[in-house]
Amino acid sequence: MALTNNPVAASNTAFIAIPAAERVFSFRDHAALWFSLGVGLLVMQIGAFLGTALGTQTALFAIIAGSLLGAALLGWVAYIGFQRGLSSPILMCQTLGTSFAKLPVILNIIQLIGWSAFELVVMRDGTTALIKGTTGIDAAWIPYITAIFWGLLLVALATGSMIGLVRRFVGRYGLPLVILSLIWLTYQFFLKAQAQGLDAIWNRAGDGSMSTLAGIDLVMAMPVSWLPLVADFARYGKAGASTFRGTWLGFAIANIWCHALGVLIVSTSNPGADLMTTLLLAQGGLIALGLILIDEMDNAYGDVYSGSVSLNFLNGKFTIRFWGIALALVATGCALILPMHGLEPFLLTLSSVFVPLFGVVISQLAKQGRATDKAVNIVPVAIWLIGITAFHICPMLWPQVGSALPSLAITLLLGTMYRITRAPAVQSA
Ligand SMILES: Nc1nc2[nH]cnc2c(=O)[nH]1
């Protein structure tokens, strides 16, 4: 469903559906990519936080429910991307209108620069800790060198082919290594839990600072933070069912595993212990942490690739590769100066824009929904704004329900009502 009646569309390859011959991603490719993107130190940190707030059993329930639900949304948008063969910015055009969609596309580029810088900062600080732990060297220049090292690697990856990277590197080498590290760390902390008494850990109560629904909401934050990127990869899928299942299962399993590992780690460590240091102190932790840090690179790459697809949509004179290199350089510059925790609030604020946006996208485009060719599609735009308001207001009024769940529910409901009511008008037009 290309927007070929639009003059801008005709001159920009971003508007053209990926032809069948170029659709090479199988279930395995989607699952490997999304498992790999679902693994991260931030996820373990959130798991540790949930373990303290909710207690072991409720935290595990929230983790499983939030991951299955959040990753299902991801799979759903992947399916829409597969069906249309179109990138994320075009799905936004087909929902909000060709001119208005430029606003969320620009916001998405800003958030992707933020996420890729964040991932580089995680790798910078992780490698700096590894160097300190192994050599004892703790010099002020080391974080600069490590940031430049990872940044240049990101630039090098941006010069290559996305499909080649996913199929040859992530699936064949990256994924088995990261799974081995997770198995190893889980085994190590399980042994620790066994020594401390599994019963006590299993029955550990939370501190009461969070409701179960708010916990589910927090777990969903990770999968939904990938919503604006997923179509850029899913459009290379061979079949709809494998695209949905690979994306859903790949991400959900990784998200459940990393959050649950965070719960296990916090349950077996001293209160207030730093996650990175705790992982480093585990037997074989150095190698496992090193591999997980390397795995953060594909998150940064995913951000840079998707950001370059969006920039290519805004300015088709330069290729996706050109924009990818430019974005990787900008992210490296940011990673040289930004502190670890400076970016998190900014990124979470931006997700208040994208969660409701994809509620509207799903409500308009799922089940072969009709794409708009208006410049500004007023009603979906209004529903999006209502969704953003709900994201901010609901946690103030009802802290126990969180923000992503009500915002998604409102946009899906209003969007579906609009779609049903406008259907006769569309048919008679
Ligand atoms: N979009 C996006 N979401 C994330 N969630 C955790 N890390 C990332 C990331 O690098 N990008």
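Biologist: In which helix is I131 found?

Modeller: I131 is found in helix α6, where helices (H or I, at least four residues) are DSSP runs numbered from the N terminus. Please keep in mind that this is a predicted model, in which local features need pLDDT of at least 70, side-chain atom pairs count only at pLDDT 80 or more, and totals for chains, interfaces and linings use all residues. Residues are numbered from 1 along each chain as its sequence is written, and side-chain values use heavy atoms, with hydrogens and water left out.

Biologist: Why is I131 called partly exposed?

Modeller: Buried means under 20% relative accessible area, exposed means over 50%, and partly exposed lies in between, with a 1.4 Å probe and protein chains only. The relative accessibility of I131 is 26%, and therefore I131 counts as partly exposed.

Biologist: What makes D29 buried or exposed?

Modeller: D29, which has its place in helix α2 (residues 27-38), has a relative accessible area of 7%, so D29 is buried. D29 and M44 are 15 residues apart in sequence, and their C-alpha atoms are 24 Å apart in space.

Biologist: Why is S26 called partly exposed?

Modeller: S26 is found in the loop between α1 (7-10) and α2, and because its relative accessible area is 21%, S26 is partly exposed.

Biologist: Which label do K367 and Q368 receive, and why?

Modeller: K367 has its place in the loop between α16 (344-365) and α17 (378-397), and Q368 lies in the loop between α16 and α17 as well. The relative accessible area of K367 is 73%, so K367 is exposed, and Q368 counts as exposed because its relative accessibility is 51%. Phi of K367 is near 50°, a positive value in a residue other than glycine, and Q368, which is not a glycine either, has a positive phi of about 55°.

Biologist: How do you know which residues surround the ligand?

Modeller: A residue is near a molecule if one of its heavy atoms lies within 4 Å of it, and the ligand is surrounded by W115, E119, M222, S225, W226, L229, N299 and D303. Helices α6 (102-135), α10 (212-225) and α14 (285-314) each supply at least two residues of this shell.

Biologist: How much of the ligand does the protein bury?

Modeller: Taken alone, the ligand exposes 270 Å², and the protein buries 98% of that, with accessible areas coming from the Shrake-Rupley method with a 1.4 Å probe and, for residues, only the protein chains shown counting as cover.
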